[in-house]
Amino acid sequence: MKKYHILLYYCYTPIENPEQFRYEHHLFCLKHDILGRIIVSKEGLNGTVSGLKEQCEIYRQTLLADPRFASIDFKIEEHDTHAFQKLHVRVKPEIVHVDLPHINPNQKTGIHLEPAEFKNLKDADDVVLLDVRSDYEHKVGKFKNAITLDIENFRDFPEKVDELTHLKDKKIITYCTGGIKCEKASAFLLEKGFKNVYQLHGGIIKYGLEEGGEDFEGKCYVFDNRITVDVNRVNPKVISRCYVCSTESDRMVNCANPECNNHIPICEKCGWEMEGACSPACQIHPEKRVYDGTGYYAKQLNGYNPYKGLQRTKPSQ
Ligand SMILES: [Zn+2]
Ligand SMILES: [Zn+2]
C-alpha cells in the first residue's frame with residue numbers, strides 16, 4: 001500500500017496578488033509537509049507536489065474550496081515516498097514559460113478532448129497528433145504516429161509553428177504531459193489560422209490513468225524524482241536506445257560526469273560498465289560522481305531549509 005500521492009495540476013484563473021498568494025501558499029504547504037514545484041502567476045497556478053495521501057487530500061480540497069480553483073482537474077498518482085526533496089513556490093509572469101502572455105486560454109483555446117474521446121478520435125484519417133513537448137521528452141516516449149518538434153524548450157514552440165502550415169486543413173490534436181502546455185499551444189495554432197484544433201485534456205498522464213495509455217510508445221517524462229513513468233498498460237513498447245551500445249533501453253540517467261550531466265538512456269549493462277558515464281572521456285573525468293546503479297544524482301541540499309524562499313524582499317515578477 002503506497003502512502004504518498006503525487007498531484008499534478010494547473011489552472012488558468014486570475015490571481016490578483018501573486019506575491020501574497022505565494023507567501024500564504026508556501027506556509028500552507030509547509031504545514032502539511034507538501035513538497036514540490038508550484039508556480040504562481042497573475043494568470044493562474046501550476047504545480048506538481050507530493051505528500052502523504054491524507055495531506056495531499058487536504059491540499060486538494062483546500063484548493064478546490066477556493067472559487068478561483070474550483071475547476072482544477074487533479075491528476076493523482078501513487079508513490080512510495082515524496083517525489084521531491086524540496087519545496088519551491090515561485091511567482092512568474094506565466095505558469096508555463098512560452099512568451100505568449102497575451103493568450104488567455106479561458107477566452108480562446110483548442111477544444112478539450114477527454115481521454116476517452118481522444119482514444120476514439122486519434123486514429124481517424126484526417127487527424128494529426130502534435131506533440132508540443134521538448135526533444136528530451138518525446139525521445140523517450142510519444143504517441144504512435146505523432147508529429148514531434150525539434151525544440152529544446154517549450155518557449156521555442158511558437159517559432160516552430162511555421163513549419164506546420166501544411167497541416168492547416170487537418171484536425172490537429174495537441175498533447176503534452178499534463179495538459180497545461182496545450183492550453184496556450186492550441187490557442188496559438190488557432191491564432192495562426194489553424195481551424196480544427198483540439199487538445200488532450202489532462203495530457204498523457206490522465207490518458208494513462210483513465211484509458212490505460214494505449215498507443216503511447218515509450219515512457220512519459222515527468223518533472224520529479226521519478227524522471228520517467230510508464231503510462232501504457234495496453235500495448236507498451238520501448239522506443240529509445242542506449243546511448244552507448246544502441247540496444248533498446250528507456251533507462252534515463254544523467255551522465256556521472258557533473259560537467260556533462262547528459263540526460264540520456266543508458267542500459268543497465270552499460271551503466272555499470274561505464275560507471276554511469278556517457279563516454280570514455282566522461283568516465284575518467286576527475287569530478288565523476290559515484291554511480292549507484294540509478295544514474296540519479298540528488299542535488300546537494302546545502303542545508304536546505306523549507307522556510308527558505310518564504311521571505312523575499314523583491315517580488316520576482
Ligand atoms: Zn547499452
Ligand atoms: Zn558525459
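This is a predicted model: local features need pLDDT of at least 70, side-chain atom pairs count only at pLDDT 80 or more; totals for chains, interfaces and linings use all residues.
Colleague: Are Cys 242 and Cys 267 buried or exposed?

Modeller: Cys 242 has a relative accessibility of 3%, so Cys 242 counts as buried. Cys 267, with a relative accessible area of 11%, is buried too.

Colleague: Now ligand 2: which residues coordinate that zinc ion?

Modeller: The zinc ion (ligand 2) is coordinated by the SG atoms of Cys 255, Cys 260, Cys 278 and Cys 282, at 2.3 to 2.4 Å. The spacing of these donors along the chain is C-x4-C-x17-C-x3-C. Around this zinc ion (ligand 2) the 4 donor atoms subtend angles of 105 to 115 degrees, which makes the arrangement tetrahedral. As for burial, Cys 278 is buried at a relative accessible area of 9%, and Cys 282 counts as buried at 7% relative accessibility.

Colleague: Changing topic, how do α1 and α2 pack?

Modeller: Helix α1, residues 18-31, packs with helix α2, residues 53-65, at an angle of about 150 degrees, and their axes are 10 Å apart. That angle makes α1 roughly antiparallel to α2, and the crossing of the two helices is right-handed.

Colleague: Which residues make that contact?

Modeller: From α1 the contact is made by His 25, Phe 28 and Cys 29, and from α2 by Ile 58, Tyr 59, Thr 62 and Leu 63.

Colleague: What about α7, which of its residues are buried?

Modeller: In helix α7, which spans residues 203-211, the buried residues are Gly 203, Ile 204, Ile 205, Lys 206, Tyr 207 and Gly 208. The helix is followed by Gly 212, whose phi is positive, near 75 degrees.

Colleague: There's a lysine in that list; what is Lys 206 in contact with?

Modeller: Lys 206, which lies in helix α7, is buried with a relative accessible area of 8%. Leaving aside neighbours within four places in sequence, Lys 206 is in contact with Asp 73, Lys 75, Glu 114, Pro 115, His 201 and Glu 211.

Colleague: Last one: where does Asp 224 lie?

Modeller: Asp 224 lies in the loop between β12 (220-221) and β13, and with a relative accessible area of 9% Asp 224 is buried. Once neighbours within four places in sequence are left aside, Asp 224 is in contact with Ile 6, Thr 48, Ala 83 and Phe 84.

Colleague: And how far is the C-alpha atom of Asp 224 from that of His 82, and what number of residues apart are they?

Modeller: The two C-alpha atoms are separated by 9.5 Å, although Asp 224 and His 82 are 142 residues apart along the chain.

Terms used
Residues are numbered from 1 along each chain as its sequence is written. Chains are lettered from A and ligands numbered from 1 in the order in which they are written. Side-chain values use heavy atoms; hydrogens and water are left out. Buried means under 20% relative accessible area, exposed over 50%, partly exposed in between (1.4 Å probe, protein chains only). Axes are lines fitted to C-alpha atoms, for helices over the stretch in contact, and angles run from 0 to 180 degrees between N-to-C directions. Helices (H or I, at least four residues) and strands (E, at least two) are DSSP runs, numbered from the N terminus. Angles under 35 degrees count as roughly parallel, over 145 as roughly antiparallel, 65 to 115 as roughly perpendicular and the rest as oblique. A crossing is left-handed if the near helix is turned anticlockwise from the far one by less than a right angle, and right-handed if clockwise. Contact means heavy atoms within 4.5 Å. Donors are N, O and S atoms within 2.8 Å of the metal (3.2 Å for Na, K and Ca); water is not among the atoms, so sites may look incomplete. Four donors count as tetrahedral if all angles lie between 85 and 135 degrees; four count as square planar and six as octahedral if opposite donors are over 155 degrees apart and all others between 65 and 115; anything else is irregular.
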